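Please read the following note with the model open beside it. The points are numbered so that each can be checked on its own.

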Amino acid sequence: MNESVPNLPWWKDATLRPAIAACLTLSAAVGVFGFSFGVGSVAAGSTVLQTCALSLLVFTGASQFSAVSVIGAGGSIGSALGGALLLAARNGVYGLAMSRRLDGGLGRKLLAAQLTIDETTAMAVAQPDRRSQQVAFWVTGVALYAFWNIGTLIGALTGSAIDPKTFGLDAAFPAGFIAMVWPLFSDPRARKAAAIGGVICLVTVPFTPIGVPILLSVFGVLVGLQKPVDAPKLEVAS
Amino acid sequence: MTWTLIILLTLGAYAFKVTGLVFLGGRSLPPIFERCLALIPAAVVTALVMKDTFTNGQELVLDARALGIAVAGIAAWRKAPLIVVIVLGAVVTALVRQI
(Lines give C-alpha, C1' and ligand atoms only; values in the text may rest on other atoms or scores of the structure.)
Protein backbone atom coordinates (compact mmCIF):
# COMPACT_ATOMS: atom_id res chain seq x y z
CA MET A 1 0.00 0.00 0.00
CA ASN A 2 1.16 3.54 -0.79
CA GLU A 3 1.40 6.38 1.69
CA SER A 4 -1.47 8.82 1.39
CA VAL A 5 -0.92 12.37 0.08
CA PRO A 6 -1.33 14.66 3.12
CA ASN A 7 -2.26 17.93 1.34
CA LEU A 8 -5.20 16.47 -0.64
CA PRO A 9 -8.65 16.15 0.97
CA TRP A 10 -9.19 12.46 1.75
CA TRP A 11 -11.97 11.91 -0.80
CA LYS A 12 -9.74 13.18 -3.64
CA ASP A 13 -6.70 11.18 -2.61
CA ALA A 14 -6.46 8.24 -5.07
CA THR A 15 -4.10 6.32 -2.79
CA LEU A 16 -6.87 6.09 -0.18
CA ARG A 17 -9.51 4.78 -2.59
CA PRO A 18 -8.85 1.02 -2.25
CA ALA A 19 -8.99 1.33 1.54
CA ILE A 20 -12.23 3.35 1.40
CA ALA A 21 -13.79 0.80 -0.96
CA ALA A 22 -12.84 -2.00 1.46
CA CYS A 23 -14.34 -0.09 4.41
CA LEU A 24 -17.63 0.49 2.56
CA THR A 25 -17.87 -3.13 1.39
CA LEU A 26 -17.35 -4.41 4.93
CA SER A 27 -19.94 -1.98 6.28
CA ALA A 28 -22.55 -3.10 3.76
CA ALA A 29 -21.89 -6.73 4.68
CA VAL A 30 -22.40 -5.93 8.36
CA GLY A 31 -25.82 -4.51 7.38
CA VAL A 32 -26.85 -8.14 6.79
CA PHE A 33 -25.91 -8.89 10.39
CA GLY A 34 -28.01 -5.90 11.44
CA PHE A 35 -30.93 -7.40 9.52
CA SER A 36 -30.57 -10.74 11.30
CA PHE A 37 -30.32 -8.91 14.64
CA GLY A 38 -33.56 -7.07 13.87
CA VAL A 39 -35.40 -10.26 12.91
CA GLY A 40 -34.08 -12.25 15.87
CA SER A 41 -34.69 -9.48 18.39
CA VAL A 42 -38.42 -9.16 17.64
CA ALA A 43 -38.62 -12.97 17.42
CA ALA A 44 -37.24 -13.02 20.99
CA GLY A 45 -39.97 -10.66 22.18
CA SER A 46 -38.52 -7.12 21.80
CA THR A 47 -40.58 -4.38 20.18
CA VAL A 48 -39.42 -2.75 16.93
CA LEU A 49 -38.62 0.43 18.88
CA GLN A 50 -36.55 -1.42 21.51
CA THR A 51 -34.70 -3.31 18.78
CA CYS A 52 -33.80 -0.10 16.95
CA ALA A 53 -32.82 1.60 20.23
CA LEU A 54 -30.36 -1.22 20.95
CA SER A 55 -28.63 -0.77 17.61
CA LEU A 56 -28.62 3.04 17.79
CA LEU A 57 -27.42 3.30 21.39
CA VAL A 58 -25.47 0.17 22.28
CA PHE A 59 -23.88 -0.26 18.82
CA THR A 60 -21.76 -3.32 19.49
CA GLY A 61 -23.20 -6.35 17.74
CA ALA A 62 -22.18 -9.36 19.82
CA SER A 63 -23.37 -7.69 23.06
CA GLN A 64 -26.75 -6.82 21.53
CA PHE A 65 -27.24 -10.39 20.26
CA SER A 66 -26.23 -11.78 23.65
CA ALA A 67 -28.58 -9.56 25.68
CA VAL A 68 -31.57 -10.30 23.44
CA SER A 69 -30.82 -14.02 23.40
CA VAL A 70 -30.66 -14.28 27.22
CA ILE A 71 -33.78 -12.14 27.80
CA GLY A 72 -35.66 -14.03 25.07
CA ALA A 73 -34.92 -17.32 26.85
CA GLY A 74 -36.34 -15.92 30.10
CA GLY A 75 -33.11 -14.80 31.82
CA SER A 76 -32.91 -11.96 34.35
CA ILE A 77 -31.79 -8.42 33.53
CA GLY A 78 -28.64 -9.02 35.59
CA SER A 79 -27.50 -12.10 33.70
CA ALA A 80 -28.39 -10.56 30.32
CA LEU A 81 -26.43 -7.43 31.21
CA GLY A 82 -23.45 -9.40 32.57
CA GLY A 83 -23.02 -11.53 29.44
CA ALA A 84 -23.43 -8.54 27.14
CA LEU A 85 -20.88 -6.47 29.08
CA LEU A 86 -18.33 -9.29 29.02
CA LEU A 87 -18.54 -9.11 25.23
CA ALA A 88 -18.35 -5.30 25.30
CA ALA A 89 -15.12 -5.30 27.36
CA ARG A 90 -12.88 -5.86 24.35
CA ASN A 91 -13.97 -2.50 22.91
CA GLY A 92 -11.93 -1.01 25.77
CA VAL A 93 -8.82 -2.69 24.37
CA TYR A 94 -9.68 -1.42 20.89
CA GLY A 95 -9.98 2.06 22.42
CA LEU A 96 -6.42 1.79 23.73
CA ALA A 97 -5.21 0.86 20.24
CA MET A 98 -7.21 3.65 18.57
CA SER A 99 -6.26 6.45 20.96
CA ARG A 100 -2.68 6.20 19.66
CA ARG A 101 -3.98 6.69 16.12
CA LEU A 102 -6.79 9.26 16.31
CA ASP A 103 -6.33 13.04 16.36
CA GLY A 104 -8.82 15.57 17.66
CA GLY A 105 -10.15 17.11 20.84
CA LEU A 106 -12.31 15.61 23.54
CA GLY A 107 -15.61 16.08 21.67
CA ARG A 108 -14.33 14.21 18.66
CA LYS A 109 -12.87 11.44 20.84
CA LEU A 110 -16.16 11.01 22.69
CA LEU A 111 -17.86 10.52 19.31
CA ALA A 112 -15.09 8.18 18.12
CA ALA A 113 -15.60 6.10 21.27
CA GLN A 114 -19.14 5.15 20.22
CA LEU A 115 -17.71 3.86 16.90
CA THR A 116 -14.84 1.88 18.48
CA ILE A 117 -15.75 -1.74 17.71
CA ASP A 118 -14.25 -4.82 15.98
CA GLU A 119 -14.62 -3.66 12.41
CA THR A 120 -13.54 -0.01 12.73
CA THR A 121 -10.43 -0.98 14.71
CA ALA A 122 -9.53 -3.79 12.32
CA MET A 123 -9.87 -1.56 9.23
CA ALA A 124 -7.88 1.26 10.86
CA VAL A 125 -4.92 -0.74 12.15
CA ALA A 126 -4.58 -2.45 8.74
CA GLN A 127 -3.64 0.88 7.10
CA PRO A 128 0.00 1.86 6.57
CA ASP A 129 0.08 5.44 7.90
CA ARG A 130 -1.63 7.57 10.51
CA ARG A 131 -3.76 9.58 8.10
CA SER A 132 -5.19 6.60 6.23
CA GLN A 133 -5.78 4.91 9.60
CA GLN A 134 -7.98 7.80 10.62
CA VAL A 135 -9.81 7.90 7.28
CA ALA A 136 -10.43 4.14 7.50
CA PHE A 137 -11.72 4.46 11.09
CA TRP A 138 -14.18 7.26 10.35
CA VAL A 139 -15.39 5.96 6.97
CA THR A 140 -16.00 2.48 8.41
CA GLY A 141 -17.54 3.91 11.58
CA VAL A 142 -20.04 6.20 9.87
CA ALA A 143 -20.95 3.76 7.06
CA LEU A 144 -21.25 0.81 9.43
CA TYR A 145 -23.41 2.80 11.85
CA ALA A 146 -25.76 3.64 8.96
CA PHE A 147 -25.90 0.10 7.52
CA TRP A 148 -26.20 -1.55 10.95
CA ASN A 149 -29.17 0.60 11.91
CA ILE A 150 -30.95 0.43 8.54
CA GLY A 151 -30.43 -3.37 8.55
CA THR A 152 -31.83 -3.56 12.10
CA LEU A 153 -34.94 -1.54 11.19
CA ILE A 154 -35.72 -3.60 8.07
CA GLY A 155 -35.09 -6.83 10.01
CA ALA A 156 -37.31 -5.77 12.91
CA LEU A 157 -40.16 -4.85 10.54
CA THR A 158 -39.74 -8.15 8.65
CA GLY A 159 -39.62 -10.15 11.89
CA SER A 160 -42.82 -8.62 13.21
CA ALA A 161 -44.66 -9.31 9.94
CA ILE A 162 -44.12 -13.10 9.91
CA ASP A 163 -44.21 -15.99 12.39
CA PRO A 164 -40.55 -16.50 13.32
CA LYS A 165 -40.76 -20.20 14.21
CA THR A 166 -42.37 -21.19 10.88
CA PHE A 167 -39.38 -19.77 9.03
CA GLY A 168 -36.80 -21.12 11.48
CA LEU A 169 -35.84 -17.58 12.46
CA ASP A 170 -35.11 -18.66 16.05
CA ALA A 171 -32.15 -20.48 14.47
CA ALA A 172 -30.93 -17.24 12.85
CA PHE A 173 -29.21 -16.20 16.08
CA PRO A 174 -27.08 -19.30 16.69
CA ALA A 175 -26.33 -19.43 12.94
CA GLY A 176 -25.16 -15.80 13.11
CA PHE A 177 -23.12 -16.59 16.22
CA ILE A 178 -21.42 -19.46 14.37
CA ALA A 179 -20.53 -17.16 11.48
CA MET A 180 -19.20 -14.63 14.03
CA VAL A 181 -17.04 -17.07 15.95
CA TRP A 182 -15.74 -19.35 13.19
CA PRO A 183 -12.97 -17.05 11.87
CA LEU A 184 -11.55 -16.87 15.42
CA PHE A 185 -10.92 -20.62 15.39
CA SER A 186 -7.81 -20.24 13.24
CA ASP A 187 -6.10 -19.51 16.57
CA PRO A 188 -5.59 -22.73 18.61
CA ARG A 189 -5.97 -20.84 21.90
CA ALA A 190 -9.34 -19.48 20.75
CA ARG A 191 -10.40 -23.05 19.90
CA LYS A 192 -9.45 -24.17 23.40
CA ALA A 193 -11.24 -21.22 25.03
CA ALA A 194 -14.32 -21.94 22.87
CA ALA A 195 -14.36 -25.63 23.78
CA ILE A 196 -14.14 -24.84 27.50
CA GLY A 197 -16.78 -22.07 27.24
CA GLY A 198 -19.17 -24.31 25.30
CA VAL A 199 -18.83 -27.25 27.70
CA ILE A 200 -19.24 -25.03 30.80
CA CYS A 201 -22.45 -23.64 29.29
CA LEU A 202 -24.03 -27.03 28.52
CA VAL A 203 -23.01 -28.56 31.87
CA THR A 204 -24.38 -25.66 33.95
CA VAL A 205 -27.65 -25.04 32.03
CA PRO A 206 -29.80 -27.52 34.02
CA PHE A 207 -28.98 -26.18 37.50
CA THR A 208 -28.21 -22.45 37.17
CA PRO A 209 -30.63 -19.59 36.38
CA ILE A 210 -31.11 -18.82 32.67
CA GLY A 211 -28.27 -16.64 31.35
CA VAL A 212 -25.79 -17.58 34.08
CA PRO A 213 -24.12 -20.30 31.95
CA ILE A 214 -23.18 -17.53 29.49
CA LEU A 215 -21.44 -15.66 32.32
CA LEU A 216 -19.67 -18.81 33.54
CA SER A 217 -18.39 -19.59 30.03
CA VAL A 218 -15.99 -16.67 30.40
CA PHE A 219 -13.71 -18.97 32.42
CA GLY A 220 -12.64 -20.30 29.01
CA VAL A 221 -10.43 -17.21 28.67
CA LEU A 222 -8.14 -18.54 31.41
CA VAL A 223 -6.44 -20.34 28.51
CA GLY A 224 -4.85 -16.90 27.97
CA LEU A 225 -2.99 -17.06 31.29
CA GLN A 226 -0.49 -19.37 29.66
CA LYS A 227 2.21 -17.60 27.68
CA PRO A 228 1.82 -18.05 23.91
CA VAL A 229 4.61 -19.64 21.90
CA ASP A 230 5.01 -16.61 19.64
CA ALA A 231 4.95 -12.97 20.75
CA PRO A 232 1.55 -11.83 22.10
CA LYS A 233 -0.31 -9.42 19.88
CA LEU A 234 -3.60 -7.56 20.12
CA GLU A 235 -6.26 -9.40 18.14
CA VAL A 236 -8.54 -7.10 16.25
CA ALA A 237 -9.84 -9.31 13.47
CA SER A 238 -13.45 -10.34 14.03
CA MET B 1 -36.59 -6.89 26.54
CA THR B 2 -36.93 -4.01 29.00
CA TRP B 3 -35.95 -0.36 28.72
CA THR B 4 -33.98 -0.67 31.98
CA LEU B 5 -31.70 -3.23 30.34
CA ILE B 6 -31.37 -1.12 27.18
CA ILE B 7 -30.28 1.93 29.21
CA LEU B 8 -27.88 -0.02 31.46
CA LEU B 9 -26.35 -1.77 28.45
CA THR B 10 -25.96 1.53 26.58
CA LEU B 11 -24.14 3.09 29.54
CA GLY B 12 -22.00 0.00 30.19
CA ALA B 13 -20.99 -0.53 26.57
CA TYR B 14 -20.11 3.14 26.13
CA ALA B 15 -18.16 3.12 29.41
CA PHE B 16 -15.83 0.40 28.09
CA LYS B 17 -15.31 2.23 24.78
CA VAL B 18 -14.65 5.59 26.40
CA THR B 19 -12.39 4.17 29.12
CA GLY B 20 -10.03 2.73 26.54
CA LEU B 21 -10.12 5.58 24.05
CA VAL B 22 -10.32 8.68 26.25
CA PHE B 23 -9.42 7.91 29.88
CA LEU B 24 -6.63 5.36 29.59
CA GLY B 25 -5.37 6.89 26.35
CA GLY B 26 -2.31 5.38 24.73
CA ARG B 27 -1.34 3.20 27.69
CA SER B 28 -1.17 -0.54 27.21
CA LEU B 29 -2.47 -3.27 29.48
CA PRO B 30 -0.36 -6.11 30.87
CA PRO B 31 -0.01 -8.68 28.03
CA ILE B 32 -1.63 -11.42 30.09
CA PHE B 33 -4.71 -9.23 30.51
CA GLU B 34 -4.90 -8.41 26.79
CA ARG B 35 -4.53 -12.10 25.93
CA CYS B 36 -7.46 -13.06 28.16
CA LEU B 37 -9.66 -10.20 26.90
CA ALA B 38 -8.98 -11.21 23.30
CA LEU B 39 -10.33 -14.72 24.04
CA ILE B 40 -13.70 -13.56 25.45
CA PRO B 41 -15.59 -13.68 22.13
CA ALA B 42 -14.45 -17.24 21.37
CA ALA B 43 -15.56 -18.52 24.81
CA VAL B 44 -18.76 -16.52 25.26
CA VAL B 45 -20.09 -16.62 21.68
CA THR B 46 -19.55 -20.39 21.57
CA ALA B 47 -21.55 -20.66 24.79
CA LEU B 48 -24.32 -18.62 23.12
CA VAL B 49 -24.33 -21.06 20.19
CA MET B 50 -24.71 -23.98 22.62
CA LYS B 51 -27.49 -22.23 24.56
CA ASP B 52 -29.47 -21.21 21.48
CA THR B 53 -29.09 -24.63 19.84
CA PHE B 54 -29.40 -27.20 22.63
CA THR B 55 -31.44 -25.59 25.39
CA ASN B 56 -34.98 -24.56 26.13
CA GLY B 57 -34.98 -22.55 29.34
CA GLN B 58 -33.10 -24.74 31.83
CA GLU B 59 -33.69 -27.92 29.85
CA LEU B 60 -31.20 -29.55 27.49
CA VAL B 61 -33.02 -30.48 24.27
CA LEU B 62 -32.17 -31.97 20.89
CA ASP B 63 -34.55 -30.64 18.22
CA ALA B 64 -34.69 -29.21 14.68
CA ARG B 65 -32.26 -26.43 15.58
CA ALA B 66 -29.41 -28.93 16.05
CA LEU B 67 -29.56 -29.96 12.39
CA GLY B 68 -30.00 -26.36 11.20
CA ILE B 69 -26.99 -25.18 13.18
CA ALA B 70 -24.91 -28.17 12.07
CA VAL B 71 -25.54 -27.15 8.45
CA ALA B 72 -24.78 -23.50 9.28
CA GLY B 73 -21.54 -24.64 10.94
CA ILE B 74 -20.51 -26.54 7.81
CA ALA B 75 -21.30 -23.46 5.71
CA ALA B 76 -19.18 -21.26 8.02
CA TRP B 77 -16.35 -23.80 7.82
CA ARG B 78 -16.58 -23.73 4.00
CA LYS B 79 -16.26 -19.92 4.27
CA ALA B 80 -19.76 -19.25 2.89
CA PRO B 81 -20.90 -15.60 3.11
CA LEU B 82 -22.64 -14.54 6.31
CA ILE B 83 -26.09 -14.32 4.72
CA VAL B 84 -25.78 -17.89 3.35
CA VAL B 85 -24.81 -19.22 6.81
CA ILE B 86 -27.81 -17.54 8.47
CA VAL B 87 -30.35 -18.46 5.76
CA LEU B 88 -29.17 -22.09 5.67
CA GLY B 89 -29.47 -22.34 9.47
CA ALA B 90 -33.00 -20.94 9.42
CA VAL B 91 -34.26 -22.84 6.35
CA VAL B 92 -32.94 -26.24 7.46
CA THR B 93 -34.44 -25.73 10.93
CA ALA B 94 -37.81 -24.77 9.41
CA LEU B 95 -37.77 -27.76 7.01
CA VAL B 96 -36.93 -30.26 9.76
CA ARG B 97 -39.86 -28.86 11.79
CA GLN B 98 -42.21 -29.58 8.86
CA ILE B 99 -41.32 -33.28 8.89
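**Notes on the predicted model**

1. A:Phe59 sits in the loop that joins α2 (48–58) to α3 (61–72) of chain A, where helices (H or I, at least four residues) and strands (E, at least two) are DSSP runs numbered from the N terminus. The phi of A:Phe59 is near 45°, a positive value in a residue that is not glycine. Most residues other than glycine have a negative phi. A:Phe59 counts as buried because 23 C-beta neighbours lie inside 10 Å; the cut-offs are 20 or more other C-beta atoms within 10 Å for buried, 12 or fewer for exposed, and partly exposed in between, with C-beta atoms placed from the backbone.

2. This is a predicted model, in which local features need pLDDT of at least 70 and side-chain atom pairs count only at pLDDT 80 or more, while totals for chains, interfaces and linings use all residues. Residues are numbered from 1 along each chain as its sequence is written, and chains are lettered from A and ligands numbered from 1 in the order in which they are written.

3. B:Lys79, in the loop between α4 and α5 of chain B, also has a positive phi, of about 60°, without being a glycine. Is B:Lys79 buried or exposed? B:Lys79 is exposed, since 10 other C-beta atoms lie within 10 Å.

4. Chain B has 5 helices and 2 strands, in the order α-α-α-β-β-α-α from the N terminus on. Its radius of gyration, taken over C-alpha atoms, is 19 Å, whereas a compact globule of 99 residues would have a value near 13 Å (the rule is 2.2 Å times the number of residues to the power 0.38). The C-alpha atoms of chain B fill a box of roughly 55 × 35 × 25 Å along the principal axes, and 47% of the 99 residues of chain B count as buried.

5. The contact between the chains takes 68 residues from chain B and 90 residues from chain A, two residues being in contact if their C-beta atoms, placed from the backbone, lie within 7 Å. On the side of chain B that touches chain A, the largest share, 16 residues, comes from α1(B).

6. Residues up to four places away in sequence aside, A:Ala175 touches residues of chain B including B:Gly68, B:Ile69 and B:Ala90.
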